Amino acid sequence: GAILIMVYRYYHVADRISIEDKYGDVMYIGILTTTLMEIRGWIAGDQPSGRLLMIPNGMVINHAFYNYTRDHSFVWDEISIPLTYDSDWRQAKEIFLSILKKETDAMTIQAEAEIGRIGEMYYLPKKVVEPSVYISLTDNWIALDARYVTEARTRRFLRSHLSELFLAAIESEEGITVASQTVTVTTIQKTPVSHVDFGKKRE
């Protein structure tokens, strides 16, 4: 495992990787094990738990693993915003897309540059780094999925920041309402109920 890691450069120190259900930043690559600073664990989002995680190098032989930062430093992320069917979804799409372009402009430029450098190795169309908003219909709401690129190590921070901006934009627009899952209960009365005077005692 160690030989494969070194020869084929599966990952380096400081790379962010995941293997099976383990995630972390590579701190040290030894002969038998790789030491990671664990992320996730009991922590929500891509942030460190504080634990050091040792994984056997042999795991790279018979397990699929992911490297988030080997050839480029960005990943794609999505935020789904459910809107009611009476919302102005066209206006919402324009607002969300405007926010995405403004907040991720620098990351998009960086991603385009990195894709240019690795273009001979991988097929990554240039347009895929541009932020976009996709629309899908569900039984309960209109789903607007905001897609954008972000640095792998700051994904949670940008996601939180964009979510705040989306919520603020929704609050300022009267025609846009966030949807929630609801259940409609219909009761059917099979027999008519005659008038009963509950103030009188029945003899």
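The model is predicted, so local features need pLDDT of at least 70 and side-chain atom pairs count only at pLDDT 80 or more, while totals for chains, interfaces and linings use all residues. Residues are numbered from 1 along each chain as its sequence is written, and side-chain values use heavy atoms, with hydrogens and water left out.

The protein holds 5 helices and 8 strands. Helices (H or I, at least four residues) and strands (E, at least two) are DSSP runs, numbered from the N terminus. From that end, the order of elements is α-β-β-β-β-α-β-β-α-α-β-β-α. Of the 203 residues, 33% are buried. Buried means under 20% relative accessible area, exposed means over 50%, and partly exposed lies in between (1.4 Å probe, protein chains only). A contact means heavy atoms within 4.5 Å. Among contacts with a separation of 6 or more, 63% join residues 24 or more positions apart. The accessible surface comes to about 13,700 Å². Carbon and sulfur atoms own 55% of that surface. Accessible areas come from the Shrake-Rupley method with a 1.4 Å probe, and for residues only the protein chains shown count as cover.

In soluble globular proteins, nonpolar side chains tend to be buried together. A nonpolar core is a set of buried Ala, Val, Leu, Ile, Met, Phe, Trp, Tyr and Cys residues joined through side-chain atoms within 4.5 Å. The largest such core has 19 residues. Ile81, Phe96, Leu100, Leu144, Leu162 and Phe166 touch the most other members. Two or more residues of this core come from each of strand E6 (74-83), helix H3 (89-103), strand E8 (142-151) and helix H5 (155-172). Leu144 shows how such a residue is surrounded. Leaving out residues up to four places away in sequence, Leu144 touches Ile79, Ser80, Ile81, Leu83, Trp89, Ala92, Lys93, Phe96, Val133, Tyr134 and Ile135. Another core, of 11 residues, lies apart from the largest one. Its members include Tyr11, Ile19, Leu53 and Ile55.

Ile3, Met6, Val7 and Tyr8 make a nonpolar patch of about 470 Å². Patches are made of residues with over 30% relative accessible area and no salt bridge; like charges are joined within 9 Å, and nonpolar side chains (Val, Leu, Ile, Met, Phe, Trp, Tyr) within 5 Å. Ile3 sits in helix H1 (residues 2-7). With a relative accessible area of 67%, Ile3 is exposed.

Charged side chains pair as well. A salt bridge is a side-chain nitrogen of Lys or Arg within 4 Å of a carboxyl oxygen of Asp or Glu. By this rule there are 8 salt bridges. Asp77 takes part in a bridge to Arg155 (3.3 Å, N to O). This pair links distant parts of the chain, with Asp77 in strand E6 and Arg155 in helix H5, 78 residues apart. Asp77 also forms a salt bridge with Arg159, the closest N and O atoms being 3.1 Å apart. Arg159 lies in helix H5 and Asp77 in strand E6, so this pair ties together parts that are 82 residues apart in sequence. Asp77 is buried, at 8% relative accessible area. Arg159, at 30%, is partly exposed. Elsewhere, Asp46 and Arg40 meet in a salt bridge (2.8 Å, N to O). Asp46 is buried at 9%, and Arg40 is partly exposed at 25%. Arg40, Asp46, Asp77, Arg155 and Arg159 are linked in a network of salt bridges.

Glu38 lies in strand E3 (residues 33-39). Its relative accessible area is 8%, so Glu38 is buried. The Glu38 side chain makes polar contacts with the side chains of Ser49 at 2.3 Å and Arg51 at 2.7 Å. Among the other residues that Glu38 touches are Tyr23, Gly24 and Leu53.

Thr69 is placed in the loop between strand E5 (65-67) and E6. At 12% relative accessibility, Thr69 is buried. The side chain of Thr69 makes a polar contact with the side chain of Asp15 (3.2 Å). The Thr69 side chain also reaches the backbone nitrogen of Arg16 at 3.1 Å. Residues touched by Thr69 include Ala14, Ala152 and Arg153.

Technical notes
A polar contact is a pair of N or O atoms within 3.5 Å; within protein, one must be able to donate a hydrogen and the other to accept it, and residues adjacent in sequence count only if both atoms are side-chain atoms.
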